[in-house]
Amino acid sequence: MSIITRFAPSPTGFLHIGGLRTALFNYLYARHNNGKFILRIEDTDSERSEERFSDLIIKAFRWVDLKFDDGPYFQSQRGEIYSKYIDRLIEEGKAYKCCCSRERLKKLKESQTANGIKPHYDGFCRGTNNEAAENFTIRFKLPKTDENIEFDDLIHGKILINLSEIDDFIIVRSNGIPMYNFACVVDDALMGVTDIIRGDDHLSNTSKQILLCRALGFDIPRYAHVPMILGADKKRFSKRHGAISVNVYKEEGYLPDALLNYLVRLGFSYNDQEIFSMEEMIRYFDIKRLGKSASVFNPSKLLWLNAVYIKNRVPSILAEEVLPFISALLGTTVKIDEKFVEMVKTVQQRAKTLKEMADQMRFYFETPSDYEEKGVKKYCSSIDLLNKIMLLMKDVQWNESELKKIAQNVMDEFQLKMLKIAQPIRIALTGKTVSPGIYEMLLILGKEESLKRMERFIKFLNAKV
């Protein structure tokens, strides 16, 4: 039997890190088994679902390059399909119309709570004939023959759920729109989904979905409930821990493959390997290797991994990736050429994100408007030194060999170490004390621009005297 998995987010908000990890596990499981991966947008909650969130979810998938084989399907467009199965359940006596008002249900809950009883629906409409009712929900009629539901979870093993924890739950809202559990079961069956990998916060839904599968005569899929992601304080992952939109990671300059690599390690392991290509993730992925304990999200580890990916990137590819960030930073369109790729190489080993790379490259495009005050005080007390360097630079061929000779001559004449020579030049070129290598910058900026910046810096120093 071919493996078919799905990821089915609700467009009531952005796609977050936990959701992307779940999608990744489903994707890898399908690809490892030469199966199919489906994307389904579960937008039946018309009050909270928004089209813009659906669009952002799909864009996030394109960014991380998780290609789905079918979809995206939208549940809001499948109403006629659900109606057929709802009618069937009612005709077979497996569901019924419930006319209980909100006020009655509220009072029932208050009464049960006051008497120490766990709130549940009391079956008031279960045996009544409400065929002519106009304002109603539809409830699933819980079978009275079964006491427990047992299934084999692919991660946790045998799980037993007592049906006393479940009541006659609603499968269709009063507005005629099906509830999550019902629509989900119908779609999974019709789309041929064989395996469902999702967060263990869905465990409470599994028993209801198994009951609905039985009632409708559908095959029951295999379930795997992945432990949740926790923050460093071991509490449920939230915004304060970094549980932000996947799109934010894109905007901050994280590489998509670095993000996926980090997420796959939140629950999956293969020996002691840390760095995985997508091909390796697919090859090694085994659902039996998913841990049973919650994983802790570590933003510093993700940042470290992103830096590793940046360092190992082919410079020409990295240039394409950093281009939107430098263009946005400068407020103008920058073109990629050989010189731009050389700029990328000078910051590639130091930057942790694409956004950081763009900031470190900015000086190539803009003459510094000010200079780091502490650096000026520490390294730039001798204007004669800078004048000497600039004078020698004017009369040489602009290549690394000649520039190194100038540095050596000045070190010998002024009895200084290279740091005392390099830092004044660095500040003149960039305005800062930290930058790429001196010779790299001088060659990329060129003779004319380099001398212009040095002359401007000398004028700045003279004005301070």
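Ring pairs link Phe25, Phe268, Tyr270, Phe276, Tyr284 and Phe285 into a cluster. Rings of Phe, Tyr and Trp (its six-membered ring) count as a pair if their centres lie within 6.5 Å; planes under 30 degrees apart are stacked, over 60 edge-to-face, and the rest tilted. The model is a predicted one, in which local features need pLDDT of at least 70 and side-chain atom pairs count only at pLDDT 80 or more, while totals for chains, interfaces and linings use all residues. Residues are numbered from 1 along each chain as its sequence is written, and side-chain values use heavy atoms, with hydrogens and water left out.

A search of the whole structure finds 20 aromatic pairs. Phe14 and Phe53 form an edge-to-face pair, at 5.1 Å centre to centre and 80° between the planes. This pair links distant parts of the chain, 39 residues apart. Phe14 lies in the loop between S1 and H1, and Phe53 in helix H2. Helices (H or I, at least four residues) and strands (E, at least two) are DSSP runs, numbered from the N terminus. Phe14 is partly exposed, with a relative accessible area of 38%. Phe53, at 6%, counts as buried. Here buried means under 20% relative accessible area, exposed over 50%, and partly exposed in between (1.4 Å probe, protein chains only).

Tyr270 and Tyr284 form a stacked pair, with 3.9 Å centre to centre and 5° between the planes. Tyr270 sits in the loop between helix H8 (256-264) and helix H9 (278-284). Tyr284 belongs to helix H9, and the two residues are 14 residues apart. Tyr270 is partly exposed at 21% relative accessibility. Tyr284 is buried at 19%. The charged end of Arg283 sits over the ring of Tyr284, 5.2 Å from its centre. A charge sits over a ring if NZ of Lys or CZ of Arg is within 6 Å of the ring centre and within 35 degrees of the ring normal. Arg139 lies over the face of Tyr121, at 3.6 Å from the ring centre.

Attention now turns to the sheet. Its 3 strands form an open sheet in the order S1-S2-S3, with parallel pairing. Two strands pair if DSSP finds at least two bridges between them. S1 and S3 stand at the edges, each with a single partner strand, so one side of each has no neighbour in the sheet. The twist averages 25° from one strand to the next. Axes are lines fitted to C-alpha atoms, for helices over the stretch in contact, and angles run from 0 to 180 degrees between N-to-C directions.

Strand S1 (residues 4-7) pairs with S2 over 4 bridges, in the parallel sense. Ile4 stands opposite Lys36 in S2, and Arg6 has Ile38 as its bridge partner in S2. On to the next strand, 3 bridges join S2 to strand S3 (residues 70-74), and these strands run parallel. The bridge partner of Ile38 in S3 is Asp70. Strand S2 (residues 36-41) has 5 of its 6 residues buried, so it is largely enclosed by the rest of the structure.

S1, helix H1 (residues 17-32) and S2 make a right-handed β-α-β unit. A crossover is right-handed if, with the strands pointing away from the viewer, the path from the first strand over the helix to the second runs clockwise. H2 lies across S1, S2 and S3, running at about 160° to S2. Contact means heavy atoms within 4.5 Å.

Some backbone details remain. The peptide bond from Gly71 to Pro72 is cis, with omega near 5°. Pro72 lies in strand S3. Asn34 has a positive phi of about 55°, although it is not a glycine. This residue, Asn34, lies in the loop between H1 and S2 and counts as exposed at 71% relative accessibility. Gln415, not a glycine either, has a positive phi of about 55°. Gln415 is placed in the loop between helix H16 (400-414) and helix H17 (418-430). At 67% relative accessibility, Gln415 is exposed.
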